[in-house]
Amino acid sequence: MRLAFLGFGNVGRRFAELLGGPYGEVLRARGEKVRVTGIATGRHGLAIDPRGLDLGACLARVGRGESLDALHRGRPVPKGAFLDRVPADVLFEITPLDPRRGEPATAHCRKALSLGLHVVTANKGPVAFAYRSLRGLAERKGVSFRHEGAVMDGVPVFNLVERCLPGNRIHAFRGTLNSTTSHVLSRLAEGWTLSRAVAEAKRLGIAEADPSNDLDGWDAAVKGCALANVLMGGSVRPSEVRRRGISGLLPARVRRDARQGFRWRLVVEGRRRGRKIAVRVFPARLPAGDPLAGSGGDAALLLETSLVGTIGVLEGGGTIDQTAYALFSDLLAIQDLLREGVRRAS
Ligand SMILES: NC(=O)c1ccc[n+]([C@@H]2O[C@H](COP(=O)([O-])OP(=O)(O)OC[C@H]3O[C@@H](n4cnc5c(N)ncnc54)[C@H](OP(=O)(O)O)[C@@H]3O)[C@@H](O)[C@H]2O)c1
């Protein structure tokens, strides 16, 4: 199977490292062979090699801040033509999130699907802004559109509902899905100032490039739409989410409530209201024992289902390895589907 990456930042590089280690071992044990035939970036050039790129060399070059262009084999690729040229079966779309429009990631996914590639993304933009049309396109083309990493990194959320809850309808969800605000609110409870807590979240690499996307609830709103649209069949846009962030919360109030056993968290909630799904994001004061009141940057999601009541998943402090695993689990799911198809056809 030939893999291509659009984006080779934190997530793409960690995924590539793990492909050379434990993921490679799993693939070998399953009798699967993969090679990465192309990588395109924003400011670090691109490389295509139909025989398979040397991932160690790609990692080293980007790690030194150098361009990948020197590893490219074949004719030069005009700007915007990477997907037309790369000989690949699966595209990993791992470019940055634009929480206001979901672009250019949505356009990348659409183009790859229309060219007959399976698409795996950790970018919630395409899922929040264009899930239905991308899913429909994938079905018409007979390929997969998978996005487990878009919400809660490698914790199965979409796969949980798709594979483990057959026959259920999701009536509602409620979660703390933005690790920056959970981290910042935990620090405010300890007496830190907002600016110091945000600076630390940036240093730890958990904050979005523009932290106001976290603090003002945009990131949570985009995740809420992804959940509403995939798990509940909605078509909610981030601009339709009732959104209140944490910037207006007074640190003194957070500190005082912490002393009384309460934790503030930025909650995202989706609920069926007649034929519509209402999504809202708001700061909530939770008793310390509440399943959503985890410590530090923990994330949690509760699902109200039609047949098994309320169930939940928890992520203890998300790391980049968990996001890389989401990509890997989607790759394995595609391989399983292809094997199943071959078995049925034979
Ligand atoms: N980091 C996490 O823990 C995490 C968790 C869950 C989901 N995600 C999602 O995963 C995605 C990737 O995250 P990340 O942390 O790896 O981001 P990142 O470190 O900022 O890397 C983004 C990569 O995309 C490249 N890029 C930017 N614009 C591009 C374009 N138009 N065409 C091709 N490549 C382009 C960048 O290239 P240059 O650097 O050369 O400009 C860089 O290689 C994001 O959507 C993010 O929301 C991340």
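This is a predicted model: local features need pLDDT of at least 70, side-chain atom pairs count only at pLDDT 80 or more; totals for chains, interfaces and linings use all residues.
Residues are numbered from 1 along each chain as its sequence is written, local features need pLDDT of at least 70, side-chain atom pairs count only at pLDDT 80 or more, and totals for chains, interfaces and linings use all residues. Side-chain values use heavy atoms, with hydrogens and water left out.

Helices (H or I, at least four residues) and strands (E, at least two) are DSSP runs, numbered from the N terminus, and two strands pair if DSSP finds at least two bridges between them. S12 runs antiparallel to strand S11 (residues 299–305), to which 6 bridges join it; alanine 300 stands opposite leucine 314 in S12.

Turning to the helices, the buried residues of helix H1 (residues 10–19) are Val11, Gly12, Phe15, Ala16, Leu18 and Leu19, where buried means under 20% relative accessible area (1.4 Å probe, protein chains only). These residues lie on the same side of H1 because they cover an arc of only 165° around the axis, the arc being that of the directions from the helix axis to the C-beta atoms.

The ligand has 24 residues around it, of which Phe8, Gly42, Arg43, His44 and Thr95 come nearest; a residue counts if one of its heavy atoms lies within 4 Å. A polar backbone atom of valine 11, a buried residue of H1, is 2.8 Å from an oxygen atom of the ligand. A backbone N or O atom of glycine 42 also lies 2.8 Å from a ligand oxygen atom. For histidine 44, a side-chain N or O atom is 2.5 Å from an oxygen atom of the ligand. Such polar contacts are pairs of N or O atoms within 3.5 Å.

Key. Buried means under 20% relative accessible area, exposed over 50%, partly exposed in between (1.4 Å probe, protein chains only). A polar contact is a pair of N or O atoms within 3.5 Å; within protein, one must be able to donate a hydrogen and the other to accept it, and residues adjacent in sequence count only if both atoms are side-chain atoms.
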